[in-house]
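Subject: Structure for you to look at

Dear colleague,

I am handing over the structure we spoke about, and below it I have set out what was found in it. Please read the notes with the structure open beside you.

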Amino acid sequence: MKELDARGLVCPQPVLRTRAMLEENNPGDIKIIVDNVAAKENVQRFLEFQGFNTVISEQGGDYLVTGSHGGKTIERGAGDGAPEQEPAGVEEREAYKKKILVICATDRIGYGDDELGKKLMTSFLKTLKEMGDELWRLIFVNNGVKLTIDGAEALGDLKSFEAKGLKILVCGTCLAHFDLLEKKEVGETTNMLDIITAMQLADKVITM
Amino acid sequence: MTFPTDENVIVGLDRADDAGVYKISEDCALIQTVDFFTPVVDDPYWFGQIAAANALSDVYAMGGTPKTAMNLVAFPASEMDLAVLREIIKGGIDKLKEAGVVLVGGHSVEDKEIKYGLSVTGTIHPLRVLTKKNLRKGDRLVLTKALGTGIVNTAIKGGVASAALVESVTRLMATLNRDAAMVMADFDVGACTDVTGFGFIGHLAEMVGGSGMGARIFSRQVPIIKEAMEFAAMGFIPGGAHKNRQFRESMIILPDTIERSLMDILADPQTSGGLLISVRGNQADELVSSLKDKGVGDAAVVGEIPGDDLHEQGSAEHIWIV
């Protein structure tokens with residue numbers, strides 16, 4: 001089990017160190033020692049957000065946050081005997097609906113004729129609604145960001161997706177690279193961390 | 001500790017409020033307040049604006065009109081370029097100009113860490129002073145700025161916020177509460193405060209405790225910076241939010257259907273937050289639409305002071321979150 005001593009660190013440092021450790025190697029289980037309540041709560045939230053189950057125990061004045069991929073969330077008080085299981089959370093309410101993430105890294109589909117490729121992409125975006133409410137997030141990166149700007153063929157369809165509550169994320173680095181930051185008409189500007197997190201939370205990732 | 005006082009003190013240290021109020025004649029009282037802090041954003045010009053908007057806010061929250069201000073500056077002049085200080089002060093002055101307030105002096109000291117703020121003096125009619133302590137049964141609560149600046153600023157420190165979000169939250173913090181206060185003056189308002197370091201829940205708790213009334217909060221209607229929910233779920237929460245929540249835990253009735261991140265946001269310490277206004281229930285919707293007409297776009301009805309039935313059930317001095 002990987003261990004991290006985050007004592008003496010001020011928020012958001014404990015979360016950032018935890019994140020760095022997860023990025024370095026994705027361990028099955030992880031243990032973080034912190035010395036204040038705020039850091040304990042924040043590290044616990046971060047691990048749960050990343051899909052870990054967490055257990056908190058007190059050691060002297062410090063807190064040990066243990067994250068694992070099995071079992072239930074348990075909070076163990078200082079002098080408690082047997083740990084109590086928390087009731088199943090509201091997080092489970094939508095457990096049966098699949099979350100599909102679609103990533104468009106291009107503004108045309110396939111190789112060959114570019115004009116045909118662009119037509120296909122427009123048709124793809126217009127037809128995407130057939131996925132229904134399992135379509136969870138739509139991300140545009142690299143040349144794909146050109147599909148979100150003023151004048152793009154399927155812009156109207158993307159806007160109506162967004163109006164219906166679909167989260168559309170557009171890579172900020174890519175918009176800046178093509179000098180299109182001002183021209184984006186739909187979606188939120190995003191960063192690589194959001195994209196990685198979305199990939200991790202999704203049940204299915206489709207890359208165009 | 002006992003504090004010196006006299007019969008002209010309308011609001012003093014004995015009743016912690018946004019600012020002190022001192023009667024100088026039958027139709028005029030002075031409002032005095034001071035506020036300063038370390039930088040909350042990297043850009044010195046915007047930091048100056050935010051510090052000024054924040055210092056002026058206490059006068060607006062009391063229902064008064066700010067008139068004069070003095071700078072308070074701590075700056076490491078031997079290590080840092082004075083151009084940085086110039087930008088901070090320029091930001092402060094520009095915000096004062098926007099508010100129609102004149103800078104009449106100031107004081108600076110050499111310090112390792114930058115700090116900037118202002119002492120502000122305003123005026124008000126002695127009978128028109130709005131404190132935190134007059135919630136009335138049947139009032140509704142209106143909030144004028146979105147919550148979540150503390151969480152977003154923590155995410156910014158962690159390097160996970162987009163440039164667009166940095167800009168929009170900076171503008172939000174630098175926005176004066178003047179327009180909100182001007183609109184509020186035309187309505188039957190019982191109590192008002194501005195939401196700052198103790199978070200929405202902490203400042204509401206002061207109103208609730210001071211008035212001997214309970215409040216019910218419609219958590220789904222509270223305006224929030226939308227990215228703050230996700231940052232809260234990721235653990236980018238300032239230490240102050242945890243302290244604010246714990247400190248008021250015994251007052252709060254929280255059903256388990258409310259997501260943890262939403263409660264984190266209600267407890268999140270705000271920099272230069274909005275006004276929390278208690279208005280006659282039948283005027284609340286009109287107040288919100290007038291605020292929106294004046295450009296206070298985040299304004300929303302966020303709660304109510306329940307009538308007798310609920311108070312008889314023992315909800316006095318509690319905050320019910322629904």
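Two residues are taken to be in contact if their C-beta atoms, placed from the backbone, lie within 7 Å, and the packing described next rests on that cut-off. Please keep in mind throughout that this is a predicted model.

I would start with helix 1 of chain A, whose buried residues pack against strand 1 (2–5), strand 2 (30–34) and helix 2 (37–49) of that chain. The helix covers residues 13–24, twelve residues in total, and reaches 16 Å from its first C-alpha to its last, which is close to the 16 Å expected at 1.5 Å a residue. Which of its residues are buried? They are A:Pro14, A:Val15, A:Thr18 and A:Arg19. Seen down the axis of helix 1 of chain A, these buried residues fall within an arc of 135°, so they line one face of the helix. In general, an α-helix has 3.6 residues a turn, so residues three or four places apart point the same way. On the other side of helix 1 of chain A, the residues A:Ala20, A:Glu23 and A:Glu24 are exposed.

A:Pro12 lies in the loop that runs between strand 1 and helix 1 of chain A.

A:Cys11 comes up again from the side of chain B, where it is one of the residues in contact with B:Pro238 once neighbours within four places in sequence are left aside; the others are B:Gly150, B:Ile151, B:Thr154 and B:Pro269. B:Pro238 sits in the loop between helix 7 (226–233) and helix 8 of chain B, and it counts as buried because it has 24 C-beta neighbours inside 10 Å, the cut-off for buried being 20 or more.

As for the contact between the two chains, it takes 16 residues from chain B and 18 residues from chain A. On the chain B side, helix 3 (149–157), helix 4 (163–174) and helix 8 (239–247) each supply at least two residues, and by class that side has eight nonpolar, seven polar and one charged residues.

Chain B also holds an open sheet of seven strands in the order 8-11-7-12-9-13-10, with mixed pairing. Its edge strands, each of which pairs on one side only, are strand 8 (189–194) and strand 10 (252–253) of chain B. Within the sheet, strand 9 (residues 215–217) and strand 12 (residues 300–304) of chain B run antiparallel and are joined by two bridges, and the bridge partner of B:Ile217 in strand 12 is B:Gly303. Helix 6 (residues 199–211) of chain B lies across strands 8, 9, 10, 11 and 13 of that chain, running at about 145° to strand 8.

A:Asn142 is found in the loop between strand 7 (135–140) and helix 4 (155–163) of chain A, and is partly exposed, with 16 other C-beta atoms within 10 Å. A:Asp179 is found in the loop between helix 5 (172–177) and strand 9 (188–190) of chain A, and counts as exposed, with 8 C-beta neighbours inside 10 Å.

Key. Residues numbered from 1 in each chain as written. Chains lettered and ligands numbered in written order. Predicted model: local features only at pLDDT ≥ 70, side-chain atom pairs only at ≥ 80, totals over all residues. Helix = DSSP H or I, 4+ residues; strand = E, 2+ residues; numbered from the N terminus. Expected span 1.5 Å × (residues − 1). Buried ≥ 20, exposed ≤ 12 C-beta atoms within 10 Å, placed from the backbone. Arc of directions from axis to C-beta. Pairing = 2+ DSSP bridges. Axes fitted to C-alpha atoms, helices over the stretch in contact; angles between N-to-C directions. Nonpolar A, V, L, I, M, F, W, Y, C, P; charged D, E, K, R; others polar.
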